[in-house]
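Here is a report on the fold below, written for reading next to the coordinates. It goes sheet by sheet, then turns to the helices and the cores.

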Amino acid sequence: MILLRSVVGKLWFTILLLVSFVLFILTVMLLEFFENYSIMETRTKMNDTAEKIANVLVKHRNDDISVGLEISWEILDKNTKAVIIKNQDEVYYSPNTDPGNKLSLSDIVNDPDFSKVIKEGKSARKVSALSAADKGDGADYSIIGVPLRISDKENGAVFIYQSLDVVKEATRSTTKFILLVAGVAIVLTTIFAFFLSTRITAPLRKMREAAFEVARGKFDTKVPILTNDEIGELATAFNQMGRQLKFNMNALNQEKEQLASILRSMADGVITFNRDGTILITNPPAERFLQNWYYDKGASAAAGSEEIPSKVMELFQQAVDTEEEQIGELSMMGRHWVILVTPLYSSKFIRGAVAVVRDMTEERKLDKLRKDFIANVSHELRTPISMLQGYSEAIVDDIAGTDEEKKEMAKVIYDESLRMGRLVNELLDLSRLEAGNIQLNVEEIDVSSYIGKIIRKFQGLAKENEIHLSFGTNNPDYYFPIDADRIEQVLTNLIDNAIRHTPKDGIVDVVVHGDDRGLQVQVADSGSGIPEEDLPFVFERFYKADKARTRGRAGTGLGLAIVKNIIEAHKGHISVQSKLGHGTTFTFFIPRK
């Protein structure tokens, strides 16, 4: 069965079947022809023999009958027997006649065909048994009778008969020979068919092996061109196909790599869906989006890898149904995403959709900051403006009766105007710092004497509030390049906040550490501390400590935001550590460039 599935087996079987069929028809026709030819040849030979005997007997009619008989018996072969009837009384049998199985005179006379030979002088030819008693036994003979006229007064006949077994034996010999020839022809045909099939299929097998190699991705595989016929042209076409496939695959790989690079480098997430909603392609931002969704739903990425956020699936279904672009928003885990779903077409039919997921958290945060900024500025300006308006109206309307009251109102108006000016200046400084439009005047300074001078400015305020203010350094002769005015603004803000949030008998400690890496400054206090939930927001604009922990005048809430921007302008960073009721420590570090 395996052989018949191959080209060699099919071609061999086809050729062998065709040749066998032709040989079968030819054998049947040859056997029929040789059988008929043998019978006809035997009959003709027997008829000639009978006529020769009759002529011999006529020529020797004047001689002794024995001479004619002797010559006649010499004419007969060993398988042919004869009966010579000279007249009713003289009947002669050939010497090879079997006495128990012979053609008798009574059988001849009783047979209507054979009797005509004697009576009417007509020749007769018949296949029959020798006697009526033998009919049905299957022993048939070919019998031929010719008239014999030795004299005008006597009518005789010569009968020649021969068993059909002789003819059948000759036919069997011929059949064996023809079958032998047919068998040899089939064997030779098999050898020729295998040789021809091998010659034809050898290049085809090489092409099959090469096709398997190409299927494995080895597009450099070539088929040897051994002939110039159709198979050679097929091999040439196969090699050309391999080269074209390699070129096309390289082009596809390049396009795939370019597309993958573009998708990987995109800041927005991209998810490509099939028609049935199955995810086909995602890029890293989209994978992070899906991971956040899985985490938010309490499912692992492996278990829910086939799941899609319901909002995204809803937009996908709408885009497929309406064939229009759909936009939606999704919020989870404190982040906001805008989802844009666009249908994908294959010719005129929709084959899926592509979803672009954009993280809008920063934009929303900026919008919130802008709104909070406007609200906070309005809130900060409303109080001093109201006080300015109220006290100025009181002075205009002469509500204050004495000069002291007027001076007190004027003093309030002056303080509130200073507060407004300080707020406006801090806003301007913050906007310049965040816009990067500020220029730093960097110069080498003696850090120890520089910070000592700032500490001395706050000694009076510290004594007034009964707070111990101290300063320490690991390197008194340490020089470092900074913008002195801006760093003084940083230290002033930090020390002022520490004093304002430290109770009586508290400690505010400034520690400076300078080395080859850079400058590190710590401002630590033993004050009320900052709640843990407020720590992430201390450097935001308009952040203020709780009023219950604030003594004296309240700040604008912009100081720490300005501090952070100044330190970052020096390529440094600032951090805060605090525990409620145990004080706060601000630390900033500026690297040496």
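Two residues separate β9 from β10 in their hairpin, and Ser-347 takes a positive phi near 60° there. This is a predicted model. Pro-343 has Ala-353 in β10 as its bridge partner. Val-341 stands opposite Ala-355 in β10.

**The antiparallel sheet**

Strand β6 joins β10 through six bridges, and the two run antiparallel. Ala-355 in β10 is the bridge partner of Ile-271.

**The mixed sheet**

Another open sheet has five strands in the order β12-β14-β15-β17-β16, and its pairing is mixed. Its edge strands, β12 (468-473) and β16, each have a single partner strand, so one side of each is left without a neighbour in the sheet. From one strand to the next, the twist averages 10°.

Inside this sheet, β15 and β17 run antiparallel and are joined by eight bridges. Val-521 has Phe-588 as its bridge partner in β17. Helix α12 packs on the sheet, where it touches β12, β14 and β15. Its direction makes about 175° with that of β12.

**Helix against helix**

Helix α13 (residues 484-500) packs with α14 (residues 559-569), and it also crosses α12. The table sets out both pairs.

| Helix pair | Angle | Axis distance | Hand of crossing | Residues in the contact |
|---|---|---|---|---|
| α12 and α13 | roughly 30° | within 11 Å | right-handed | twelve nonpolar, one polar, three charged |
| α13 and α14 | about 145° | 9 Å | left-handed | eight nonpolar, four polar, one charged |

Which residues make the contact of α12 with α13? From α12 come Tyr-450, Ile-451, Ile-454, Ile-455, Lys-457, Phe-458, Leu-461 and Ala-462. From α13 come Ala-484, Ile-487, Glu-488, Leu-491, Thr-492, Ile-495, Asp-496 and Ile-499.

In the contact with α14, the residues of α13 are Arg-486, Ile-487, Gln-489, Val-490, Asn-493, Leu-494 and Asn-497. They meet Gly-559, Leu-560, Ile-562, Val-563, Ile-566 and Ile-567 in α14. Ile-487 takes part in the contact with α12 and in the contact with α14.

The spacing of such contact residues has a simple background. An α-helix has 3.6 residues a turn, so residues three or four places apart point the same way.

Is α14 mostly enclosed or open? Eight of its eleven residues are buried, so α14 is largely enclosed by the rest of the structure. The buried ones are Gly-559, Leu-560, Ala-561, Ile-562, Val-563, Asn-565, Ile-566 and Ile-567. Just after α14, Lys-571 takes a positive phi of about 70°.

**The nonpolar cores**

The largest nonpolar core has 41 residues. Which of them touch the most other members? They are Tyr-450, Ile-451, Leu-491, Ile-495 and Phe-588. At least two core residues each come from α12 (447-464), β13 (479-483), α13, β14 (507-514), β15 (518-525), α14, β16 (573-578) and β17 (584-591). Helix α13 gives the largest share, eight residues.

Leu-491 shows how these parts come together. Leaving aside neighbours within four places in sequence, Leu-491 is in contact with Tyr-450, Ile-451, Ile-454, Val-521, Val-523 and Phe-588. Apart from this core lies another, of 21 residues, among them Leu-290, Tyr-294, Trp-337 and Val-357.

**The whole chain**

The secondary structure comes to 14 helices and 17 strands. Of the 593 residues, 37% count as buried. Among contacts with a separation of 6 or more, 57% are between residues 24 or more positions apart.

Note on methods:
Residues numbered from 1 in each chain as written. Predicted model: local features only at pLDDT ≥ 70, side-chain atom pairs only at ≥ 80, totals over all residues. Heavy atoms only, no water. Axes fitted to C-alpha atoms, helices over the stretch in contact; angles between N-to-C directions. Left-handed = near helix turned anticlockwise from the far one by under 90°. Contact = heavy atoms within 4.5 Å. Nonpolar A, V, L, I, M, F, W, Y, C, P; charged D, E, K, R; others polar. Core = buried A, V, L, I, M, F, W, Y, C linked by side-chain atoms within 4.5 Å. Buried < 20%, exposed > 50% of the residue type's maximum accessible area, 1.4 Å probe, protein only. Pairing = 2+ DSSP bridges.
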